[in-house]
Amino acid sequence: MKVWFLGTGTSQGIPVIGSTHPVSLSSDHKDKRLRVSVWIHWENYSYVIDCGPDFRQQMLTSKCPKLDGILYTHEHADHTAGLDDIRPFFFKQGDIPIYAHNRVIESLKKRFDYIFQEVDKYPGVPTVKINKVVNGQPFTIGNKTVMPIEVMHGNLPILGYRIGDFAYLTDVKTVEPAEQEKLKGLKVLVVSALRHEPHNSHFNLEEALHFIKTINPERAYLTHISHMMGFHEEVQEILPKNVFLAYDNLEITI
Ligand SMILES: [Zn+2]
């Protein structure tokens, strides 16, 4: 299975519009971060986790040829705003499956009412096939089993996903012990780390590193990164040997 980091930035992306922060002005391609998402593909299967405002650009850059489904972590705009841009996949493939918690589906219905409209639908509007995800109930994508993992994004319970020896958790602030149990024996853990300073709904770097130590995967990749984290190259140098700062268009094999 391959995992392509489509975006590794926090909600504003890097560079931040109008920002003169040195990281926003950096010419290192690893300091340019679109909104967070990954493309997971194996054999002939192809899925993304989240579908943010940079989805179109991410599909073009990665040359993703087809989309078998979208797994949503939560309803915030940086994870959902790109849904309309599934149109080219819809035209070729028909209804696109989405996998999300019921609360997220209800939010998508409000944000994209025209996509979910059942009568008098405007021609050219995409249609999705709804798959409700319930924590504690594994589901199948292609020929693989996905285990939902509930994490807390501040006060909001949201979902991460484990697929085999790989797990993807973003926008994390706390994880209950029972959910941590589901993360044993991982080869690769992707987890969010916003910046150095604490934040009320996101791990900072210290909290993310502590969590990684507890879960003890073979390798970990940090994502959902703010410009306030600093330059990619400098931050990578202070990380433990098995922890990497992800960057856009990095592809890893699991
Ligand atoms: Zn986010």
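Me: How far apart do the end C-alpha atoms of residues 35-224 lie?
Reply: This is a predicted model, in which local features need pLDDT of at least 70 and side-chain atom pairs count only at pLDDT 80 or more, while totals for chains, interfaces and linings use all residues. Residues are numbered from 1 along each chain as its sequence is written. UniProt, in an unreviewed entry, lists residues 35-224 for "domain: Metallo-beta-lactamase"; its positions follow the numbering used here, feature names are shortened, and annotations may be inferred rather than shown by experiment. The span is 26% helix and 31% strand (DSSP runs numbered from the N terminus, H or I of at least four residues for helices and E of at least two for strands), and its end C-alpha atoms are apart by 7 Å.

Me: What is the order of the strands in the open sheet of seven strands?
Reply: Strands S6 (128-132) and S14 (251-253) are the edge strands, each pairing on one side only, where pairing requires at least two DSSP bridges between two strands. Inside the sheet, S3 (residues 45-49) and S4 (residues 69-71) are parallel and share three bridges, with Val48 opposite Ile70. The pairing of the sheet is mixed, and the order is S6-S5-S4-S3-S2-S1-S14.

Me: At what angle to S1 does helix H2 run?
Reply: H2 (residues 55-62) lies across S1 (2-7) and S2 (37-42). Angles run from 0 to 180 degrees between N-to-C directions, with axes fitted as lines to C-alpha atoms, for helices over the stretch in contact. The value for H2 against S1 is about 135 degrees.

Me: Why does Pro97 count as partly exposed?
Reply: Pro97 sits in strand S5 (residues 96-100) and touches Asp68, Gly69, Lys129 and Asn131, leaving out residues up to four places away in sequence; contact means C-beta atoms, placed from the backbone, within 7 Å. A residue is buried with 20 or more other C-beta atoms within 10 Å of its own, exposed with 12 or fewer, and partly exposed in between. Pro97 is partly exposed because its C-beta neighbours inside 10 Å number 16.

Me: Which residue of S11 is the bridge partner of Tyr168?
Reply: Tyr168 belongs to S10 (residues 166-169), where Phe166 and Tyr168 on one side and Ala167 and Leu169 on the other are all buried. S10 runs antiparallel to S9 (residues 156-163), with three bridges, and Ile163 is opposite Phe166. S10 is also joined to S11 (residues 188-192), in parallel, by four bridges. In S11, the partner of Tyr168 is Val190.

Me: How many residues does the largest nonpolar core have?
Reply: A nonpolar core is a set of buried Ala, Val, Leu, Ile, Met, Phe, Trp, Tyr and Cys residues joined through C-beta atoms within 7 Å. Those with the most contacts inside the largest core include Ala167, Val190 and Val191. Val191 touches, among others, Leu169, Ala208, Phe211 and Ile212. The residue count of this core is 63.

Me: Within what arc do the buried residues of H8 fall?
Reply: Leu205, Ala208, Phe211 and Ile212 are the buried residues of H8 (residues 205-215). They line one face of the helix, because seen down its axis they fall within a limited arc, taken from the directions from the axis to the C-beta atoms. Their cover includes S11, S12 (219-223) and S13 (243-245), while Glu206, His210, Lys213 and Thr214 on the other side are exposed.

Definitions and conventions: Contact = placed C-beta atoms within 7 Å.
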